[in-house]
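Subject: Structure for you to look at

Dear colleague,

I am passing on the structure we spoke about, and below it I have set out what was found in it. Please have it open beside the text as you read.

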Amino acid sequence: MKFRFSEDIWEKISLLWDKERRQEAEEPDYSDKQVKELMKTLFLVRRACKPGKKQTYDMRQAWSNVVSRTKQRNTRKLVTWVFKYAAVLAVVICCAVLWMNQGNKNDHSVTAEVDSISSGTRKAELILANGKSVILDSDMNVHEMEISGMKFVNDDKNGELRYDGSFVVEDSSLMSYNTLCIPKGGEYSLQLPDGSRVWLNSETSIRFPVCFMKDRRKVYLSGEAYFEVTKNASAPFHVYVEGGEVTVLGTSFNVSAYKEDAIWQTTLVSGRVQVVTDDSKVVVKPTEQYSIDRQTGERVLKEVDTELYTSWVDGKFYFSAYAFEDIVRKLERWYDFTMNYQDEEIKRMHFSGTINKHRPLNEVLQFLEKTTDIHFEISGKNITVSKIKKG
């Protein structure tokens, strides 16, 4: 079972190595399961970082020693030593776990001393059925508006648009649609009249009706979105994308269907969905992903770690053995830049790790430079990546 540490535990460990802040830091509880698991991880990393020497660690005995020494010597000197050592290993984790799968750093150490590219922000454009356009961002002063009988509440602080259209229509010919467009370097969320919520990623648009039909709910998506659909057995929820549709009754799932991507996919977190194309219907179960190659027609249903495909909603990008080219494609949409390759081999390099999507891009690039043999040059919104020649 995969163990995930809460951020406050990591913060307690990492801050204690800072002399100026050490006095203010709260000492972790040694009985806490997360602390035990963290110490176990630190021992493993230390062993892995010295492959040239044969070392054996009895982690159970090591942990016992730490606890016993702490009880016997309740002094700041010992606490400082333990956490100073742990902090060094935590730094190793940042470099080795976040961005390592490519071997050791060579002597040609470089850093991305370049212009800082900031992360994306909460911004969107709402195009109403009557053609009126409203820009939604932190500069918007109007938080509540009523247009053509439709009431919108914009929460620019949390980047969410709530749409109140509780009435329904009987005749589909009377249907009209609003469109919420997310630009490159943006994200936003939408709460529909039925209570369903949609998180929209960069370069994404969703068309949703002014009011739903009694027996069905339909939206049209281009790009990537995460859905939490309110259950209504009498009115199935349909998500239409180029090449197919996803039908649900009440569930949580992610759909990635960018027009420029060869593959579009549905990843199910909970509930059950049915993916329909011109010639097939496939039922997807929780923790499964169904992907369709638009060019070859190949279809794949497999079990996945759903967090790899939904973490962007929580402010992080998780990668597991991802090709560099695929990682860059996600980063380009969020940070709004263009990557140029001087060596095609770089595209096929694989990485595993975590990126905080709200940190500046140059911090991400610095991690990569310190753990691989590649170098970045930034000029405005253009980044050039090249391999460092050895010798």
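Predicted model: local features only at pLDDT ≥ 70, side-chain atom pairs only at ≥ 80, totals over all residues.

Asp-279 forms a salt bridge with Arg-299, in which the closest N and O atoms are 3.0 Å apart. Because Asp-279 lies in the loop between strand E16 (273-277) and strand E17 (280-284) while Arg-299 belongs to strand E19 (residues 299-303), the pair ties together parts that are 20 residues apart in sequence. Arg-299 itself, at 31% relative accessibility, counts as partly exposed.

Salt bridges elsewhere

A search of the whole structure finds 15 salt bridges, and some of them share partners, joining Glu-203, Glu-260, Asp-261, Asp-326, Arg-329 and Arg-333 into one network. Another salt bridge brings together the side chains of Arg-217 and Asp-194, at 2.5 Å from N to O. This pair links distant parts of the chain, 23 residues apart, with Arg-217 in strand E11 and Asp-194 in the loop between strand E8 (186-191) and strand E9 (197-200). Arg-217 is buried, at 3% relative accessibility, whereas Asp-194 is partly exposed, with a relative accessible area of 22%. The side chains of Glu-160 and Arg-162 also meet in a salt bridge, at 3.2 Å from N to O; here Glu-160 is buried, with a relative accessible area of 8%, and Arg-162 is partly exposed at 29%.

Leaving aside neighbours within four places in sequence, the contacts of Phe-227 include Ile-206, Phe-237, Val-239 and Phe-253.

Tyr-220 is also found in strand E11 (residues 217-228), and at 27% relative accessibility it counts as partly exposed. With neighbours within four places in sequence left aside, Tyr-220 is in contact with Tyr-177, Ser-205, Ile-206, Arg-207 and Tyr-240.

Strand E15

Thr-266 lies in strand E15 (residues 263-270) and is buried, because its relative accessibility is 0%. Not counting residues up to four places away in sequence, Thr-266 touches several residues, including Phe-253, Val-255, Glu-288 and Tyr-290.

Key. Residues numbered from 1 in each chain as written. Heavy atoms only, no water. Helix = DSSP H or I, 4+ residues; strand = E, 2+ residues; numbered from the N terminus. Buried < 20%, exposed > 50% of the residue type's maximum accessible area, 1.4 Å probe, protein only. Contact = heavy atoms within 4.5 Å. Salt bridge = Lys/Arg side-chain N within 4 Å of Asp/Glu carboxyl O.
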